[in-house]
Amino acid sequence: MNELKKLLDIAEAAARETGEILRKGGDKRISLCDNTDVKLKADEDSERLVRERLAATGLPIIGEELGGDPALYDSAGTLYWAVDPLDGTFNYLRGQPLTCVSIGLMRGSEPVLGIIFNFNANECISGIVGEGIAVNGEKCVPAWATEISQACLMTGFPALADKSPEALRPFFESIGKFKKIRMIGSAALAVSYVATGKAEVYREQGTNLWDVAAGIALVKAAGGFFKITPTGKRALNFNLTCAAREEWL
């Protein structure tokens, strides 16, 4: 476990350094903009910095901007990083504060540890599976609701999601059991809300591994549960549910 703690410390330092640069003012020049998504120069700049800092670990990296080997997910014994150094790009572009740096360590398809740095709030959530989670170094035990009628569902629609009425009907039919539903525009941050007890369930169709690798590690480390299923649409694209209780998956 000492080796994992060293890796966690390296990842946290990388997340904090990158987040501080983004908080003070990353490069908001648009490098891609289409009907469903936007990318900034800051996305690529921040991923390059994170990769430079993680290079000391000698482990392979998969990232949103600079790619990686998708076969790592199916290699059960291999440790690798899955990173999204600016999750919530549209929020960041528009000056909305809900955005973060997300760094997860995976072993094949299993989460090992995670760091999510909500840099605008100066809140760093960290955890190792089996060891619990911490917020800015202080142990965090989530106070989850025990009844789904009192639970908060975090969700969202990926850039390529089908938003037609027919496609959305099952979604609307499924959300009535929750007390509240929230969409914040950052998958990583939304999953971290489940880990820390700000919400009880996260559900999204067609999210990418780098968006949620850190978050699912934190949820599992906090004592929660997750179910992740490949969509088959493209590599490392998944349907994901995270929950405080296994029966809510």
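This report describes the surroundings of one lysine and then the aromatic rings of a predicted model.

## Basis of the model

Local features need pLDDT of at least 70 and side-chain atom pairs count only at pLDDT 80 or more, whereas totals for chains, interfaces and linings use all residues. Residues are numbered from 1 along each chain as its sequence is written, and side-chain values use heavy atoms, with hydrogens and water left out.

Lys39 is part of strand 2, residues 38-40 (strands being DSSP E runs of at least two residues, and helices H or I runs of at least four, numbered from the N terminus). Lys39 counts as buried because its relative accessibility is 14%, where buried means under 20% relative accessible area with a 1.4 Å probe and protein chains only.

The side chain of Lys39 has a polar contact of 2.5 Å with that of Glu64 and another of 3.4 Å with the side chain of Glu65; such a contact is a pair of N or O atoms within 3.5 Å, one able to donate a hydrogen and the other to accept it, and residues adjacent in sequence count only if both atoms are side-chain atoms.

## Aromatic pairs

The whole structure holds two aromatic pairs, defined by ring centres of Phe, Tyr or Trp (its six-membered ring) within 6.5 Å, with planes under 30 degrees apart called stacked, over 60 edge-to-face and the rest tilted. The rings of Tyr73 and Phe238 are tilted, because their planes stand at 45°, with centres 4.9 Å apart. Tyr73 is buried at 11% relative accessible area, and Phe238 is buried at 2%.

Tyr92 and Phe119 form an edge-to-face pair, with 6.3 Å between centres and 80° between planes, and both residues are buried.

Notes: Buried means under 20% relative accessible area, exposed over 50%, partly exposed in between (1.4 Å probe, protein chains only).
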